[in-house]
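Q: I have a model open and would like to learn how to read its features one at a time. Where do we begin?

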Amino acid sequence: MTSTGTHRDNPEDFGDRAASTHSTHAPTHGIDRLVGRGAELAALRRWVRHEPGAPRALVLLGEEGIGKSRLLRSACEQAAQAGQSVLTAQGWAPEREVPYGLLRQLLASSPERIQAPAALDAGTPAGPEPAAAVAALLDGAPVLIAVDDAHACDRPTLELLGSLVRRPGGRISVLLAARDQEALRTLPADTAVLHLDPLPPSACAELLDAVPGAPVGRTRLEVLEEAEGNPSALLELCRRRSFRTDPAAARPRTPRLHTVRTRFDTLLGRLPAPTRHALLHAALALPGDDASAVMAALGTTDLGIWAPAEEAGILALTDGRLVFRHPLARVAAVGGQPAVLLTRAHRALAERASARPLDRVRHLVAATVGPDAAFTENLRPAVERATDEFTLAQALEDAARVSTDPDEQARLLTEAMAAAAAVGDPDWVRNLHTRFRSVNSDPRLARRAAVAAAAALSHTSRQKEAFDLLLDATAEPTAEPTADTALDTAHDTKLAALAAAIADQSGLPEHRNRLAELLAALRAPGPEARPGTEEPGVLAGFVQALTTRPAGARRAPARRSTPAIGSTPAIGSPEPLIRRLAVASVAYLSDEPDDCLAHFRAADSHLRGRRAFGLRAWYAAPLLDTLLATGQWPEAAALLDEAKDRAAVLRLTRIRADLEALDLSLRALRGTAPADAPLRPAVPLDVHENLATQVRAVRARAQVAMAHGEWADAYRRLRTLFAEDGTPRHPFLSSRCLADLALAAHRAGLADRAAPVLHRVRDAHEERPTTRMTLLLHHATALLDPGPDPEHHFRLALVNADGERWPLERAQARLSYAIRLRRDRRPSEARQQLVAALETAETLGSRPLAEAIRHELRATGVATATGSGAALGGLTAQQQQIVRMAARGLSNREIGEQLFLSPRTVGTHLYNVYPKLGVSSRHQLRDLLPSA
């Protein structure tokens, strides 16, 4: 009795059908699957399986085009595969007043075309008799009734569906998709609700990239921003943007996309002309244009002009701002308008933006059709007041478009490239660079442009191409010094720092060997800053810290070589920002985590507000590495989630690979990564020119192996980070893995094979090791080369109080020392080390380490915790399920989504069971149920 149901094209109510059409755009890309809805699909699978305690009615709630129809269809397919009969129907506004119209559609959707009972033909209200009659018709196998656009259904049918799911012992379940909660009024109180939020940025980017001919660069970012996470809006905006350059490529592929357009076009067509005119201005408004500015541009103070649009659900006036209720409503308000009206609206808005120079310039540019020689006079003061790099890059690119002077165009494009590189979109930088080369004749501008282009190439893993681009730029002769000499020096120093960073990332000997040649060709000052040139001097010191090292090791700068946070100027211009990043980077190389984090956090706070992920990406890995090493894992997890989204949106392949490796490291340390955990998502990367990323990935997989006790596998992986003679392949990152290598080798019985690595690293750092490196060397030596006094190096690895700055490494050293003490039959001393290590592991949330410590504690005679089965014996089935999920680290919200409970209900259950289990906190559940 399975059926796919009947769908109608509805100009009044487009629902989510456009969101389901993306499969027709790119079947070869596999985009027919639901993107970004993994959690929702999992919840639907559990509901379809009718797990114990699950309600028999579920409502999918979300705005138009958010993807409800696709999820509903997926649930129907799952139910059919499970042997359930599926009846489907779709609400339609014109039939809302027809009693039981939807029910007849449902019954007719079955292959047997079941006839509606006579009681329904009489149009009687829903009650026991009609419900019983329908239930009798559907008696037998389990039945799923799925209704799309339930907000447009007749009320008698909804009331009857509510009666069906209330019947005791019934085998009928109901799944509704709706825009609002009106349908919930007729359903049981325990009806589950699955709210569909906008797609995350990374999912939107994946969806957009699967559409053939989708825009790239600036236009792609604009589409993603305007869509606001709505898949229908994303596809429609993609089509409309493509139409500007290639009308044939943007023709509607399906009637459903046409339905999306006509819904809002129809609504707008019914509004009074003054309201439509006002909506045009509201749609063209920039973020700085509030309601008062828009109304001033309209020349009216009458708020009633918005009333028809508010009643139609198109727009809302909230807190002095005009907010479109759907991203496509804004698009429709502008679409099809004559160019003369658009120009007038932009000019009117520009007149009201005199206090916001950049907004004024952007409106004027939008109103300018061709070149305008007078335009650039207003640009410089506007650029100086830009609040974010994305807006700045847009304004500079637009200014170059209307400029009449080729030299001015080249300068504007150079600055636009720098801003676009700060945003982090490689395609945007590439497009600007292509235009720049067609108009530029100034080698100094070419050198500045090369910095932006090389940065974009490096972010996408192309280190060789990026380094060669910088070499070519420095090979070009430049003019004699001019009034811009100071600016040229600053740009040259940036180029030098970028070249050193690329060489460090690539790990290629040819890059390191050619750095001296590149530095000699620049105006960058030497390590000692000349009077009045402190900023370049700091940068040159950073370059020197990266480049002046022997082939087999890096001589890290001495401790306290970085200025105190208070001595660094506040971030208000590029120079203090660059200095702060240079200081933070030197602190990272010097193992000074406090200074490193203070400077990186200050820079990150500033750059996040400026939407400059392209700059943030340069220090994302060092910042995250430091957060992990210092035990600040919640902050690292939050930063990882945000950074992975941004890197996916910007398609920064190398940055994504770094972030995925660090994310896997965090999951391994927490014990949430399975033994076969892949580095997801698979990111294409040339490891031969990205050694730093390769080291992070190898270490992450080794940490997973160590978390699962696979010591030989962990040793095999970590050993690849060192050459045959023990030389670190990456001078900084490889050396920091020494203690992990020693631990894996010791546990796997391969200590003799790891000894050459220890000797090589110890010799390389003999001159001036950092405190952290000293402690790691002592821990590794105690495991691999203890000498006549086995405890000597353990004591040295633990005696320095500064070691507490790296709590995980300190706890691992304590565990290793305790194992030695226990084997020497000194259990009391071993317990002291183990108790301190366990406290650290529990505070960090490191489940594998905590379990290993408890194992050693049991070996020293400490009583073990009650078994999980006995501990949970007095709880209900639902309470046991909640406890087990909480022990796995799920939040109350995540547990509630899976069990169809509110987060508050989950919290109440946990509060009630804590006393029964003898615990007082969430992390103790993980201790109580180590295998949950």
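## Reading the sheet, the helices and the loops

A: We begin with one residue pair in this predicted model. V147 has L176 of β4 as its bridge partner.

Q: Which strands does that pair belong to, and how many bridges join them?
A: Strand β3 (residues 143–148) and strand β4 (residues 172–178) run parallel and are joined by five bridges.

Q: What is the strand order in the whole sheet?
A: The sheet is open, has five strands and pairs in parallel; its order is β2-β3-β4-β1-β5. β2 (85–90) and β5 (192–195) are the edge strands, and each has a single partner, so one side of each lacks a neighbour in the sheet. On average, neighbouring strands are turned by 15° against each other, direction ignored.

Q: Which helix packs on this sheet, and which strands are touched?
A: Helix α7 (residues 155–166) packs there and touches β1 (57–61), β3 and β4. The direction of α7 makes about 140° with that of β4.

Q: Is D149 buried or exposed?
A: The cut-off for buried is under 20% relative accessible area. D149 has 0%, so D149 is buried.

Q: Where else is there a positive phi in a residue other than glycine?
A: R651 is one case, with phi near 60°. R651 lies in the loop between α30 (633–650) and α31 (653–670). With a relative accessibility of 28%, R651 counts as partly exposed.

Q: How do β6 and β7 pair?
A: The pairing is antiparallel, over four bridges. L317 stands opposite L322 in β7. The two strands form a hairpin with two residues between them, and D319 in the turn has a positive phi of about 50°.

Q: How many residues of helix α13 are buried?
A: For a helix, go through the residues and ask which are covered. In α13 (residues 291–298), six of the eight residues are buried, which leaves the helix mostly covered. The buried residues are A291, A293, V294, M295, A297 and L298.

Q: What do the buried residues of α13 pack against?
A: They pack against the hairpin strands β6 (315–318) and β7 (321–324), and also against helices α12 (273–284) and α16 (339–351).

Q: What follows α13?
A: G299 follows α13 and has a positive phi, near 75°.

Q: At what angle do α17 and α19 cross?
A: For two helices, take the distance and the angle of the axes, then the handedness. The axes of α17 (residues 357–366) and α19 (residues 389–402) come within 10 Å and cross at roughly 40°. That angle makes α17 oblique to α19. The crossing is left-handed. L358, R362 and V365 of α17 make the contact with T391, Q394, A395, D398 and R401 of α19.

Q: How do α34 and α36 pack?
A: Helix α34 (residues 738–748) and helix α36 (residues 771–784) have axes 8 Å apart, at an angle of about 15°. Angles under 35 degrees count as roughly parallel, and α34 and α36 are therefore roughly parallel to each other. α34 passes α36 in a left-handed crossing. On α34, the contact residues are L738, A739, A742, L743, A745 and H746. On α36, they are M773, L776, L777, H779, A780, L783 and L784.

Q: Where is T774, and how far is T774 from G803?
A: T774 is in helix α36. T774 is partly exposed, with a relative accessible area of 26%. G803 is 29 residues apart from T774 in sequence and 9.8 Å apart in space, C-alpha to C-alpha.

Q: Which elements have the lowest and highest mean pLDDT?
A: Helix α1 (residues 22–25) has the lowest, at 32, and helix α33 (residues 711–719) the highest, at 97. For the protein chain the mean pLDDT is 82, and 81% of the residues reach 70 or more.

Q: Where does pLDDT stay under 50?
A: One stretch is residues 245–259, for which the model has 22 contacts beyond four places in sequence. Another is residues 524–536, with 18 such contacts.

Key
Residues are numbered from 1 along each chain as its sequence is written. This is a predicted model: local features need pLDDT of at least 70, side-chain atom pairs count only at pLDDT 80 or more; totals for chains, interfaces and linings use all residues. Side-chain values use heavy atoms; hydrogens and water are left out. Buried means under 20% relative accessible area, exposed over 50%, partly exposed in between (1.4 Å probe, protein chains only). Contact means heavy atoms within 4.5 Å. pLDDT is the predictor's confidence in each residue, from 0 to 100. Two strands pair if DSSP finds at least two bridges between them. Axes are lines fitted to C-alpha atoms, for helices over the stretch in contact, and angles run from 0 to 180 degrees between N-to-C directions. Angles under 35 degrees count as roughly parallel, over 145 as roughly antiparallel, 65 to 115 as roughly perpendicular and the rest as oblique. A crossing is left-handed if the near helix is turned anticlockwise from the far one by less than a right angle, and right-handed if clockwise.
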